[in-house]
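Visitor: I would be grateful for a close look at a single part of this model, with the criteria stated along the way.

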Amino acid sequence: MRTTAELDRRLRAAGSPVVSVVAHPGLSRSNLTPRAWEHRGRIGRIFARSGLLVTQPAERGALPQLFAATAPGVRGGQFFGPSGFFEMRGRVVEVRPSTEVADPSVGRRLWTAAEALTGVTYL
């Protein structure tokens, strides 16, 4: 998220018509859901099964990404996710990023570190 906010700031500064937005799926059911716990024995199996109660279908988890990519009026820097308890599941809404994400100095430092680590520079 931090680099996405920084990318959006850089795109706007460059006068680009491209926007950068973020979306997260919440807790979505996939073939990875039970596998995350399978190595934990009996307690892992319990957590894997109970995870089915709090997760949403993968199709619902894809909705925030689809919304961010296709909804009219989406602005750069917006963040979308599920509306429910702890943003785990529910209808798509704009969610509030952490204060660190909104801090431009944190985004610049992370961007600089990513450029140094990857050897790739952009904007």
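Guide: The expected span of a helix is taken as 1.5 Å times one less than its number of residues. Helices are DSSP runs of H or I with at least four residues, and strands are runs of E with at least two, numbered from the N terminus. The model is predicted, so local features need pLDDT of at least 70 and side-chain atom pairs count only at pLDDT 80 or more, whereas totals for chains, interfaces and linings use all residues. Residues are numbered from 1 along each chain as its sequence is written, and side-chain values use heavy atoms, with hydrogens and water left out.

Consider helix α3, residues 41–54. Its 14 residues should span 20 Å, and the end C-alpha atoms lie 21 Å apart, which agrees. A residue is buried under 20% relative accessible area, exposed over 50% and partly exposed in between, with a 1.4 Å probe and protein chains only. In α3, Gly44, Ala48 and Gly51 are buried. These residues lie on the same side of α3, because they cover an arc of only 60° around its axis; the arc is that of the directions from the helix axis to the C-beta atoms. An α-helix has 3.6 residues a turn, so residues three or four places apart point the same way. The buried residues of α3 pack against α2 (32–35), where contact means heavy atoms within 4.5 Å. The face turned away from this buried side carries Arg42, Arg49 and Leu53, which are exposed.
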